[in-house]
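Dear colleague,

Please find below the structure that I am handing over to you. My findings follow directly after it.

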Amino acid sequence: MNIDSKIGVIGAGAMGSGIAQIAATAGHSVYLCDSSNEALSGSKAKLQKVMDRLVEKGKVNSTAAKELQERISYVENTGCFADCDLVIEAIVENIEVKKSVFNELETIVSEDCILASNTSSLSVASIAAACKNSERVMGIHFFNPAPLMPLVEIIPAVQTDEKNLSPIIELMKSWGKAPVLAKDTPGFIVNRIARPFYGEAIRILEEGIADYATIDWALKNKGGFRMGPFELMDFIGNDINYKVTETVFEQFFYDPRYRPSFTQKRMVEAGRLGRKTGRGYYSYKEGDTAPKPNEDNEICEEIFWRILVMLINEAVDALYLHIASKEDIDLAMTKGVNYPKGLLSWADEIGLKKCLDKLDKLQAEYGEDRYRASLLLRKMVSKGEKFFE
Ligand SMILES: NC(=O)c1ccc[n+]([C@@H]2O[C@H](COP(=O)([O-])OP(=O)(O)OC[C@H]3O[C@@H](n4cnc5c(N)ncnc54)[C@H](O)[C@@H]3O)[C@@H](O)[C@H]2O)c1
């Protein structure tokens with residue numbers, strides 16, 4: 001693939017619009033398709049606004065901004081995908097709808113065209129199974145907002161032909177992205193490893209150890225995270241965050257480590273979705289101020305360590321199960337969700353024994369499988385090993 005490769009994007013919502021913008025910025029001709037005319041005009045207007053702002057800030061000159069926008073054709077049917085080299089699907093997260101779209105796409109695109117899904121939580125293998133030539137199908141998972149977040153998870157399905165991976169990895173690099181390879185398992189890398197950031201924070205809240213403002217403060221103050229878990233859930237949307245947790249839990253055959261919470265379920269049912277509805281854990285109404293955290297050092301330490309070792313444990317377990325390489329696991333968490341450090345490097349820095357001791361203490365106290373340490377962590381501690389030299 002090169003700059004002359006034509007890119008098709010289906011779904012002109014938040015993600016599809018962002019992906020189209022990235023491809024056009026890299027110089028490709030892009031067809032952005034949506035079944036809704038309203039979505040297409042909304043997407044076009046949004047990009048116009050983004051480009052106006054970039055021109056205003058002096059980041060792009062007005063000719064380049066105009067040319068970039070002209071490289072995107074907004075279309076209501078997929079017929080023009082016939083000359084595309086890559087089509088990325090970013091429609092509604094529904095397996096039946098995605099399968100029928102992939103099945104139809106195959107009747108339009110050329111034999112060599114690679115088909116990719118931006119799915120966050122569905123099995124790429126089942127999407128690929130909708131195609132006759134399933135060897136050309138893979139997951140290319142961007143993060144929101146796509147033009148700003150550097151990480152892209154590349155997910156080969158069991159059917160994917162390996163020869164199709166390197167052109168896509170190179171293409172993503174040429175788009176300024178940081179591609180990582182992930183196994184086709186629930187949540188891929190980021191949405192799997194990040195679960196305890198939300199789930200353990202909610203559990204701490206439910207146990208009454210601290211309120212949400214204190215938990216957020218502990219993670220930012222002690223951990224250097226840019227946002228606390230509750231701020232981040234409000235930002236992502238409690239509905240979306242809950243759905244991801246629920247899907248990961250179901251797809252992991254109800255592993256208790258990923259169990260969703262009633263707290264978040266009730267927030268969704270109450271319509272307290274976060275920033276987008278003006279109210280989540282925090283209130284976003286003008287004039288409202290956030291509650292003050294309890295800046296007690298002991299509580300701060302307890303919260304921070306509990307969430308951090310749970311995150312590290314997920315990262316180690318992902319490595320143990322060959323979900324991704326250690327380098328990609330660390331890159332994914334820093335580039336996909338802005339963690340201050342890669343979790344495996346962080347574990348090295350803290351000392352693996354200290355992480356294991358903290359997990360074992362939690363498991364002994366709670367007696368819950370949720371806190372079981374990864375076998376890899378235990379093995380590495382017994383051998384005195386580290387992840388990186
Ligand atoms: N929003 C995120 O944070 C995020 C992050 C990573 C991946 N994803 C994934 O990206 C995909 C899209 O998410 P989104 O947030 O952009 O959704 P969205 O609701 O903003 O946009 C989806 C668009 O797809 C269109 N659409 C639906 N069915 C269609 C069809 N059959 N043909 C053509 N267009 C169709 C809709 O009209 C809509 O404009 C989902 O699979 C989602 O899981 C989302």
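**Ligand shell and overall fold**

In this predicted model, the residues of the shell around the ligand divide into twelve nonpolar, nine polar and two charged. The ligand is surrounded by 23 residues, and the closest of them are Gly11, Gly13, Met15, Ala39 and Asn144. Two or more residues of this shell are given by each of the elements α1 (14-25) and α4 (95-105). The largest share, three residues, comes from α1.

As regards the protein chain as a whole, it has 17 helices and eight strands. Its C-alpha atoms fill a box of roughly 60 × 55 × 40 Å along the principal axes. A compact globule of 389 residues would have a radius of gyration near 21 Å, and the 22 Å of the protein chain therefore agrees with that expectation. Of the 389 residues, 46% count as buried. Among contacts between residues at least 6 apart in sequence, 68% join residues at least 24 apart.

I would also draw your attention to one pair of helices. The axes of α14 (residues 326-336) and α15 (residues 343-350) come within 7 Å and cross at roughly 100°. Since angles of 65 to 115 degrees count as roughly perpendicular, α14 and α15 are therefore roughly perpendicular to each other. On the side of α14, the contact is made by Lys326, Ile329, Asp330 and Met333, and on the side of α15 by Leu343, Leu344 and Ser345. The residues of this contact divide into four nonpolar, one polar and two charged.

With kind regards

Conventions. Residues are numbered from 1 along each chain as its sequence is written. This is a predicted model: local features need pLDDT of at least 70, side-chain atom pairs count only at pLDDT 80 or more; totals for chains, interfaces and linings use all residues. Axes are lines fitted to C-alpha atoms, for helices over the stretch in contact, and angles run from 0 to 180 degrees between N-to-C directions. Helices (H or I, at least four residues) and strands (E, at least two) are DSSP runs, numbered from the N terminus. Angles under 35 degrees count as roughly parallel, over 145 as roughly antiparallel, 65 to 115 as roughly perpendicular and the rest as oblique. Two residues are in contact if their C-beta atoms, placed from the backbone, lie within 7 Å. Ala, Val, Leu, Ile, Met, Phe, Trp, Tyr, Cys and Pro count as nonpolar, Asp, Glu, Lys and Arg as charged, and the others, Gly among them, as polar. A residue is near a molecule or strand if its C-beta atom, placed from the backbone, lies within 6 Å of it. The radius of gyration is taken over C-alpha atoms; the globule rule is 2.2 Å times the number of residues to the power 0.38. A residue is buried if 20 or more other C-beta atoms lie within 10 Å of its own, exposed if 12 or fewer, and partly exposed in between; C-beta atoms are placed from the backbone.
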